[in-house]
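This report examines a structural model, beginning with the terms used and then turning to the interface and to selected residues.

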Amino acid sequence: MDSDRLQRELEAIVGARRVSMRPIDLDTYARDMWPRLLLAHREGEPPAHRPFAVVWPEHVREVVAIVKKARELRIPIVPYGGGSGVCGGAVPLHGGITIDTKRMQALRWVRGDELICDVEAGLSGERFERELARRGYTFGHFPSSIYCSTVGGWLATRAAGQLSTKYGKVEDRVAGLTVVTGRGEIIETDGPNRALRGPSWTQLLVGSEGTLGVITSARLRVSPAPQLKVFRGFEVDDVTTGAHAIRRVLQRGLRPAVIRLYDELDTLINSLGSGGSSADTVHVEDTRAPVPPIDTGALPAWPEAAPEAAGVVERLMNLARGKGLRQGALHAALGRSHLVNKLAGTVAEKIARRGCRLVVGLEGARIRTEVEAALTFGELEAAGARDKGEDPGWAWLAHRYAVSYRMSPVFRDGAFVDTMEVAASWERLMDLYDAVRAAIGRHAVVMAHFSHAYADGCSIYFTFAGTAPDARAAERVYDAIWRDGLEATTRVGGTISHHHGVGALKAPYMAGEHREAMAIFEAAKASLDPDGILNPGKMGLRVRIDRSQP
Amino acid sequence: MTAHPAGALERELAIAVGAEHVEPTGDAGWRVAPGSAAEVAEVIRRAGSHGAAVHPVGTGSRAMKIANTGRPRVYIATRRLDQVLQLDEMSLLVHVQAGLTGLELERILAPRNLSIGDYPPVVLTSSLGGIISVRTPGKSSARHGFFEEAVVGVSAVLADGRTVHTRVAPRRATGPDLARALCGSEGTIGFVTSAVLRIHHKPESRLVASYQLPSVDAAVSAVYLALREEAAPSGLRIYDADEAARHFDAQSLPPGAALLCAATAGPTDLATCDRDLITSAVIAEGGRRGDDALAEVWWRRLHAGEPTPGPAPSLQVMATPGRLRPVYHAVRNAAAAAGATCRAHISRFDADGAVAFFTFTGGDHVAAAAERAAETAGGWLVGARAVKLDAYLRALRDVLDPRGIMNPGSFA
């Protein structure tokens with residue numbers, strides 16, 4: 001089987017215009033937004049894994065034909081949505097055919113009386129929401145990647161949007177899936193859960209990251225567009241108090257759309273990064289903790305005991321403000337991560353008396369949202385949170401997609417930054433926070449916020465930034481961070497991913513996550529993909545195919 | 001499979017769980033009652049080595065139709081697995097063994113001001129293992145959703161005797177939900193020994209109200225109007241006039257009218273808000289507030305064990321919000337055409353829709369006509385199957401259970 005024949009076979013299915021074997025396309029589809037690959041890419045290295053071909057099917061029948069052909073030729077299939085994944089889930093580790101779903105992008109129907117829509121997998125998140133909004137609905141899924149991720153990608157990874165506390169993660173919103181299995185058959189999983197006997201195929205396929213099937217369309221639950229939005233900022237003394245406040249809200253049966261708590265360093269960096277001058281004005285008025293005026297320009301004086309630490313943090317904050325840094329200054333800051341991490345818990349808090357920022361927002365039907373907002377704010381204050389007015393809340397909303405885009409200057413300047421989103425029950429949450437912070441803190445600057453809260457637990461979103469003399473060394477540090485962070489997570493009983501997925505990055509840790517239960521995943525794999533052609537090498541599943549050449 | 005003498009298997013079962021917990025059954029099998037998950041694993045391992053089939057038995061509330069596969073049978077009763085293994089009041093999670101019934105768990109939680117939630121008590125009379133393992137339409141709550149959504153983790157024994165514990169986390173993005181593979185699998189993928197469930201604080205307030213509406217259609221519209229406004233009631237039931245007359249002797253609704261009973265719960269402000277939203281919706285649909293005493297009776301029958309006038313409904317049909325009205329009319333018309341009288345109530349609302357319960361006179365031909373009409377109108381009959389997916393389920397079972405010992409005959 002040579003490349004030419006593969007090209008002819010694929011062209012026979014989708015036509016010449018929707019198949020490419022051009023090097024530039026193969027390079028483009030060699031990676032997603034996994035930061036580890038960006039390290040090598042920055043050094044100008046060629047991609048380690050490239051697909052043999054990229055195809056753009058427009059109909060589920062074409063996907064079936066492609067999968068059947070791949071099965072016949074024993075070539076891997078890798079589904080590709082927006083390419084915004086940060087775990088390498090779309091990287092063709094064993095080559096094969098990359099199926100880009102973005103030409104399947106119709107919002108086929110919206111049934112208002114059922115509050116369900118039928119949407120194709122390749123539709124971009126932003127266009128999906130706009131199409132729904134025009135009709136008076138929302139899916140309620142707003143990840144910071146909304147401009148560059150697809151509905152199919154969300155479903156494949158069990159993604160979460162920023163308003164998931166009200167609307168749920170994507171798996172909570174699926175009424176049915178259309179999937180092309182590894183046998184090259186179309187299956188539909190629709191039907192009321194309660195009436196259909198047998199295990200939930202929908203919940204087995206959501207989050208399978210292309211290893212059990214190619215999701216081509218889905219019936220998703222929509223909500224009426226919100227009539228009212230209420231946002232508010234609060235401040236708490238420390239993360240423990242903040243987490244307790246969030247738990248009280250959720251366990252009282254209240255469902256704000258978003259409730260986020262930033263730890264001390266994240267509070268500091270974020271308030272400056274989003275130009276949060278209004279929030280800082282409020283700080284000045286806090287008579288219980290008089291501090292020098294803080295605005296986006298002037299930092300408080302640092303105590304003499306920690307002049308070096310002060311400089312490091314100042315550089316980081318300059319970065320957060322979007323001012324950019326000379327490369328040397330950035331490395332100097334990140335190279336002394338232990339100082340910054342220590343600072344976060346002690347010095348910064350004492351000096352700035354900032355405490356931790358908590359942002360809460362509610363949206364939905366007018367009357368109920370008003371009632372729920374009053375109850376939510378009351379509950380937060382009863383738990384010791386101080387009301388900082390509406391401005392910090394609206395400031396968060398205005399800048400909510402910005403965070404991801406702030407990462408690229410860091411890479412440009414020779415450092416790296418990534419995020420680790422883990423989750424646990426409330427009982428284990430502070431153990432998780434301490435354990436992961438300690439594990440990552442050995443290697444890099446780390447900060448965290450608590451978002452995506454539930455009555456039974458919460459997710460913690462760690463952001464870490466580090467540096468190394470060259471790409472190889474950076475990869476070593478990067479790998480060590482993930483190894484230590486995820487092992488710490490498993491040790492305290494958390495889950496190693498709340499919403500980014502597994503991909504190639506967390507595949508080695510799946511055995512620790514699921515232990516013997518992996519047998520069920522493997523059995524599902526053997527059933528749905530008997531030849532092992534679907535996205536091999538991912539999610540810790542056994543690899544049964546190995547092709548480096550077409 | 002090697003034909004072992006039956007006595008050998010019986011002796012091994014006695015070694016696994018103790019002779020006093022093994023009793024022969026009428027159909028050349030044994031009923032064993034393991035006292036721990038480890039004993040369940042031992043029983044399954046030994047049964048498997050003899051090629052015996054393993055069938056789970058909970059409280060026995062569901063009549064089991066087990067096809068004769070010609071092999072020895074081991075019925076594993078979960079009644080001794082009746083412990084709460086861990087109660088995490090901070091996270092509102094409880095780890096319970098499969099043999100405890102929902103009502104027993106509720107009694108354990110109640111003194112701590114906790115509750116399993118607003119599920120119909122009739123569902124909670126089953127063992128939790130049974131509730132989790134078998135899907136039926138009743139297992140839902142307007143406030144908490146489908147029962148499976150309360151299952152955070154499952155421990156189960158596979159056909160080869162391995163015990164699996166799915167990872168417990170509020171939500172995950174680490175592949176398929178493996179707990180949901182075990183839920184509803186009727187013991188074919190694994191034998192559920194325990195589960196971690198979400199529980200709730202007892203609601204601060206609970207309000208009930210009743211409403212009279214000009215028609216069943218208007219009542220269904222009012223319910224969805226209120227749900228659109230995000231009311232989250234803990235219970236809803238629509239009675240047509242004939243059903244209301246049967247259930248509430250004193251009540252006589254005009255022909256064609258409907259009675260709606262609603263319960264709301266939660267923080268007092270929210271429970272009141274939800275009740276007011278329902279009231280507004282009812283008025284918008286041409287109805288009015290009725291006699292709340294009826295709603296009190298409805299709630300007591302549901303939750304305090306007061307008897308409901310019989311007989312049990314003849315037909316349950318699950319329908320999505322848009323299909324409820326067509327299904328209701330189609331079944332009533334079909335029954336009338338077959339010369340039968342028919343009455344109905346609609347309840348068990350959740351995001352998927354609701355369940356219509358029909359009671360009609362007449363024999364099998366009426367039931368057959370009614371079922372056909374319900375399906376034609378877009379309803380789902382209880383126990384429907386996604387037939388196209390059967391081959392996949394079979395293949396999945398073959399991998400985990402090559403000898404086919406796990407509740408064979410289920411889904412056949």
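## Basis of the description

The model is predicted, so local features need pLDDT of at least 70 and side-chain atom pairs count only at pLDDT 80 or more, while totals for chains, interfaces and linings use all residues. Residues are numbered from 1 along each chain as its sequence is written, chains are lettered from A and ligands numbered from 1 in the order in which they are written, and side-chain values use heavy atoms, with hydrogens and water left out.

## The interface of chains A and B

With contact taken as heavy atoms within 4.5 Å, 87 residues of chain A meet 85 residues of chain B. The size of an interface is often given as the accessible area lost when the parts come together. Buried area here is the accessible area (1.4 Å probe) that two parts lose on being put together, summed over both. For chain A and chain B it is about 7,000 Å², and carbon and sulfur atoms give 58% of that area. On the side of chain A, the residues that lose the most area to chain B are A:Arg194, A:Arg197 and A:Arg368, which together account for 15% of what that side buries.

A salt bridge requires a side-chain nitrogen of Lys or Arg within 4 Å of a carboxyl oxygen of Asp or Glu; between chain A and chain B there are 9 salt bridges. A:Arg197 forms a salt bridge with B:Glu186, in which the closest N and O atoms are 2.8 Å apart. Polar contacts are pairs of N or O atoms within 3.5 Å; within protein, one atom must be able to donate a hydrogen and the other to accept it, and residues adjacent in sequence count only if both atoms are side-chain atoms. Across this interface, 38 residue pairs are in polar contact, with both residues at pLDDT 80 or more. Helix α23 (residues 518–528) of chain A supplies the largest share of the side of chain A that touches chain B, 8 residues. Helices (H or I, at least four residues) and strands (E, at least two) are DSSP runs, numbered from the N terminus.

## Residues with positive phi

B:Glu230 has a phi near 70°, a positive value in a residue other than glycine. B:Glu230 lies in the loop between α7 (216–228) and β15 (235–240) of chain B, and is partly exposed at a relative accessible area of 26%.

For B:Asn407, phi is near 45°, again positive in a residue other than glycine. B:Asn407 belongs to the segment after α13 (390–400) of chain B and is buried, with a relative accessible area of 9%.

## The surroundings of B:Ser141

B:Ser141 is located in strand β8 (residues 140–141) of chain B and is buried, its relative accessible area being 2%. The side chain of B:Ser141 reaches the backbone oxygen of B:Asp118 at 3.4 Å, and a polar atom of that side chain lies 3.0 Å from the backbone nitrogen of B:Arg143. Leaving aside residues up to four places away in sequence, B:Ser141 touches B:Asp118, B:Tyr119, B:Phe349 and B:Asp350.

## An exposed loop residue

B:Ala19 is found in the loop between α1 (6–17) and β1 (22–25) of chain B. B:Ala19 counts as exposed, because its relative accessibility is 53%.

Methods:
Buried means under 20% relative accessible area, exposed over 50%, partly exposed in between (1.4 Å probe, protein chains only).
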